[in-house]
Amino acid sequence: MSHKILIGKFLFIKLLISISIFASDIDSHNVLLQKCDSGDSFEILNKIAASYIHNDITTITGNRKGIADALGNIAVIYKAWGEYEKALNHLQISLDILQMLNDKNGIAGAYNNIGSIYKNRGNYSKAQIYYMKALNIYEKNQNFAGSASTLNKIGILYKELRLLIKDKALKESELYKQRFIRNSLFAGTILLLLLLLLLLLFLLYNRNRIKQKANLQLSIQKAQIQNQKEEIESHRDEILTKNKEIMKINKELKQQQTDLEKAFKKSAQQQLKLLIAFEKISSHQKEINESIQYAHKIQMAVMPPEDYLNSIIDNYFILFKPRDIVSGDFYWAREIIFSQGVTPSDALTKILVIAAADCTGHGVPGAFMSMLGISYLNEIANTLVSQGVTQSQGAIQSATQSHALTNNDCLLASEILNRLRDKIISTLHQSGKAEEADDGMDIALCIFEPSTLKLQFAGAHNPLYLILSDAEHRYVFEEIKGDNMPISKLFSMRPKPFTDHNLQLSKNDRFYIFSDGYANQFGGPEGKKFKYQQLKQLLISSAHLTMKEQKDILDKAIEDWIGYKDQYTGQVYNQLDDILIIGVKV
């Protein structure tokens with residue numbers, strides 16, 4: 001059975017479900033399902049959809065959203081096959097239903113799909129119109145994920161339009177260059193012929209003079225003089241004929257010169273128009289870059305500043321290398337102080353919460369997700385503060401209140417990740433459907449108690465690396481894996497609570513959390529990934545150094561890996577993803 005037929009059956013069943021047909025009604029359509037085997041699934045689907053839309057839409061008000069979704073699914077498949085007119089027709093009907101339902105996100109999604117079809121057809125102006133409609137709706141409804149996705153589509157549209165204009169200008173320039181060379185060769189050939197003709201005329205003229213001199217000397221030979229006279233007249237006629245031909249050729253050359261001047265002037269006008277368009281695009285690009293630069297300042301402002309980190313962590317480093325101006329990776333840290341008892345005189349204990357996260361995508365889309373992650377981690381931490389946990393500033397006063405967190409309470413790394421996942425799923429309206437985007441993040445989070453050297457770790461995909469040392473400065477490497485699930489809700493995955501890993505460290509031990517950007521970077525002599533094994537070896541070999549020196553070693557290693565230049569091809573590599581490594585020495 002072909003892929004097209006399988007998709008047809010899937011959409012057929014999905015259409016029946018979306019308009020609330022009961023199981024008995026589905027059985028009654030077995031004949032239509034069998035017809036899908038002949039490859040005409042979409043024709044059958046169109047007829048069924050049209051019947052429900054045009055005849056029954058007033059009686060199945062509760063199922064309009066299902067009909068709109070089904071038509072949208074059919075349009076997506078038509079788009080994938082290149083049948084854009086059919087896709088647009090289905091999307092228009094779906095859009096009408098969504099507008100009747102006042103489904104803002106659905107309307108914005110339909111506008112995005114229509115914009116994508118016009119972009120594929122090369123109609124960039126209409127594509128931009130529909131993208132902007134979708135963006136306006138998302139912004140009014142504060143749908144940041146939708147806004148980010150639509151802005152990405154607009155950016156890709158501008159990039160393709162710029163490349164198209166540039167390619168057209170290059171082709172026209174090359175065509176003009178070839179035409180100019182061809183006309184120049186032709187003009188050169190004509191000029192060479194003229195020179196040869198003038199040389200011939202000069203020879204004939206010289207010969208004529210010699211003959212005239214001979215005739216004067218041999219005047220008595222009348223017969224010879226007569227023959228010479230006739231020959232001279234013959235040459236004269238030939239010269240006149242040649243002269244006419246030369247005049248004609250000269251006229252043609254002047255006409256060609258005029259045509260060349262007109263073509264050059266037209267080409268210059270076209271180049272001026274292209275230059276003006278390029279300047280406009282460059283101006284828009286500059287505005288976008290300035291906006292992204294400002295977004296970078298905001299992103300760096302919401303992450304923990306260096307002064308704060310230095311005040312709560314004694315010996316650490318953070319290697320942070322965004323691929324673009326803004327980053328999809330982010331780091332976060334918080335100091336929390338809680339009471340060991342229930343009275344104001346009870347001892348206070350300090351703990352550090354440190355996280356390294358890798359959001360879906362990089363650049364502007366990743367940065368949007370990172371802002372959500374940082375905001376929600378701060379909100380979760382503030383919730384804990386309101387329940388009795390407090391930051392170091394004013395910690396003694398807050399910790400001595402009657403509701404302070406005591407040693408009987410338990411702050412769990414897994415609970416922080418569970419709460420973070422719930423907030424991301426709620427904000428992105430993720431229900432686990434197959435057609436939903438898998439936006440979210442991978443994260444490693446540690447809770448460290450400096451007074452007891454106890455470490456608790458929980459991870460979403462990302463692991464924890466440990467380098468343990470003994471009295472003889474021998475190092476042992478250990479890896480604690482995170483749970484194999486992200487901070488999001490994926491298709492066919494039922495979210496489970498994250499797992500806590502409790503560890504007892506010793507003085508001079510080190511622990512590391514990171515994103516996957518470092519290990520997945522291509523480069524080196526063979527153009528392969530750096531890989532985790534090489535990262536582990538690099539961490540172990542530099543474990544005797546200070547944290548600053550170890551950071552410099554890691555930074556230089558990845559820069560050399562990316563900047564490796566092939567001696568034969570001269571190829572160099574670009575940074576593919578954001579890079580983040582956090583190391584702490586206890």
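Me: Which residues and atoms do the values rest on?
Reply: In this predicted model, local features need pLDDT of at least 70 and side-chain atom pairs count only at pLDDT 80 or more, while totals for chains, interfaces and linings use all residues. Residues are numbered from 1 along each chain as its sequence is written, and side-chain values use heavy atoms, with hydrogens and water left out.

Me: What makes Cys359 buried or exposed?
Reply: Buried means under 20% relative accessible area, exposed over 50%, and partly exposed in between, with a 1.4 Å probe and protein chains only. Cys359 has 3%, so Cys359 is buried. Cys446 has 1% and is therefore buried.

Me: How many disulfides are counted, and by what rule?
Reply: A disulfide is a pair of cysteine sulfur atoms within 2.5 Å. By this rule the count is zero.

Me: Which residues of H16 are buried, and what puts them on the same side or on opposite sides?
Reply: Met547, Gln550, Leu554, Ala557, Ile558, Trp561 and Ile562 are buried. They cover an arc of only 130 degrees around the axis, so they lie on the same side of H16; the arc is that of the directions from the helix axis to the C-beta atoms. Lys548 and Lys556, on the other side of H16, are exposed.

Me: What covers the buried residues of H16?
Reply: Contact means heavy atoms within 4.5 Å. The cover includes helix H15 (532-541) and strands S1 (316-321), S9 (510-514) and S12 (579-585).

Me: Why is the pair of Tyr118 and Tyr130 called stacked?
Reply: Rings of Phe, Tyr and Trp (its six-membered ring) pair if their centres lie within 6.5 Å; planes under 30 degrees apart count as stacked, over 60 as edge-to-face and the rest as tilted. Ten aromatic pairs are counted by this rule. The centres of Tyr118 and Tyr130 are 5.7 Å apart and their planes are at 15 degrees, so this pair is stacked. Tyr118 is in helix H7 (residues 104-120) and Tyr130 in helix H8 (residues 124-140), so the pair ties together parts twelve residues apart in sequence. Both tyrosines are buried.

Me: What makes the pair of Tyr518 and Phe530 edge-to-face?
Reply: Their ring centres are 5.1 Å apart and their planes are at 85 degrees, so the pair is edge-to-face. Tyr518 lies in the loop between S9 and S10, and Phe530 in the loop between S11 and H15. Tyr518 and Phe530 are buried.

Me: What puts Lys133 over the face of Tyr130?
Reply: A charge sits over a ring if NZ of Lys or CZ of Arg is within 6 Å of the ring centre and within 35 degrees of the ring normal. Lys133 lies over the face of Tyr130, at 4.9 Å from the ring centre.

Me: What is the phi of each, and where do they lie?
Reply: Most residues other than glycine have a negative phi. Gln142, in the loop between H8 and helix H9 (144-217), has a positive phi of about 55 degrees. His461, in the loop between strand S5 (454-460) and strand S6 (464-469), has a phi near 75 degrees.

How values were computed. Helices (H or I, at least four residues) and strands (E, at least two) are DSSP runs, numbered from the N terminus.
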